[in-house]
Amino acid sequence: MIDKKHIGMDLGTMTLDVERGRLRFFAKSIGQTDPVYTDLEAARAAGHPDLPVPPTFFFSLELETRDGFGYLETMGVDLRRLLHGEQRFTYHRVAHAGERLTLHTTIADITAKKGGAMELITRATRVTDENGELVAESRGLMVVRNPEVAA
Amino acid sequence: MSTSLRDVAVGTELPPLALEKISRTTLALFAGGSGDHNPIHIDIDNARSAGYDDVFAQGMLSMAYLGRLLTDWVPQERIREYGVRFTAITPLYGEPTCTGTVVSLDTVDGEQRATVELVVTLADGTVTLRGDAVVALD
């Protein structure tokens, strides 16, 4: 069982530069065909100052901030037992390439279901810009399967 | 492409987005593109050691596909909220189709907003993702 002392664990604050090349690679990897996400001219024609950060890319930024899945190892979670259960984003504005964003992530909750056969870890991240204004919030639920625990 | 309030009603369906079959290349590219390097999605040895027959798709890949459905429908700056529940694993060679339906229209903070119910379904009918998004109209 994951120790509940990890509830509230601060996964740290990290400041990252959003890079155009990285956004283009992400766009390619999801088969994006809308040029707004890869072509600077198209982005500008659509009213963006630079390539927009697509809706789910904040999760990728989160991965950069915390040594990949390092925090799960700290909790003693075997990555092979992990499934992503839920993910939610709240948007305050669109972010763009060239921006410096700060992400602060905490473990919001840890609960067990089915007598411990499933453990649920809730992670919460706030994304702010250089002025300290909130850009987006992200909330993810990770599910750890413990098949050896009889339900 | 711009979707305005007068075009949207409860029951309005978003133009569906059908994806190509998910290959090992798709998974490798998304591992790099997304920064999710969990080997269970790209290394069959790792997947087998966890009891799976083969690698399977990253959940966030399907969430990104659904994000494309949304931004194909409205400019991204209109998306206020977007969330999903991953309901089934997407196996290798799965063919996801993203669909969305407007389920309610509301005024929040003086803004007209639509709530869209989102689903990703594989060719065999398996629902892999259910979600919702709130978008501003006009």
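How many helices and strands are there in chain B? I looked this up before anything else, keeping in mind that the model is predicted. Chain B has three helices and five strands.

**Order of elements.** I then read along the sequence of chain B and got β-α-α-α-β-β-β-β.

**Overall dimensions.** I checked the box that the C-alpha atoms of chain B fill: roughly 55 × 30 × 25 Å along the principal axes.

**Burial and contacts.** Chain B has 138 residues, and 38% of them count as buried. I also looked at contacts in chain B with a separation of 6 or more: 65% of these come from residues 24 or more positions apart.

**Where chain B touches chain A.** I counted 36 residues from chain B and 31 residues from chain A in the contact. On the chain B side, H1 (24-34), H2 (44-49), H3 (59-73) and strand E2 (79-86) each give at least two residues. H3(B) has the largest share, with eleven residues. Sorting the chain B side by residue class, I got 16 nonpolar, 13 polar and seven charged.

Which strand of chain A is joined to E2(B)? I found strand E2 of chain A, residues 82-91, with five bridges to E2(B), and the two run antiparallel. For one of the pairs I noted the residues: A:Arg88 has B:Gly83, in E2(B), as its bridge partner. So much for E2(B) as a pairing strand; I also have E2 (79-86) down among the elements of chain B that supply residues to the side touching chain A.

Terms used: Residues numbered from 1 in each chain as written. Chains lettered and ligands numbered in written order. Predicted model: local features only at pLDDT ≥ 70, side-chain atom pairs only at ≥ 80, totals over all residues. Helix = DSSP H or I, 4+ residues; strand = E, 2+ residues; numbered from the N terminus. Buried ≥ 20, exposed ≤ 12 C-beta atoms within 10 Å, placed from the backbone. Contact = placed C-beta atoms within 7 Å. Nonpolar A, V, L, I, M, F, W, Y, C, P; charged D, E, K, R; others polar. Pairing = 2+ DSSP bridges.
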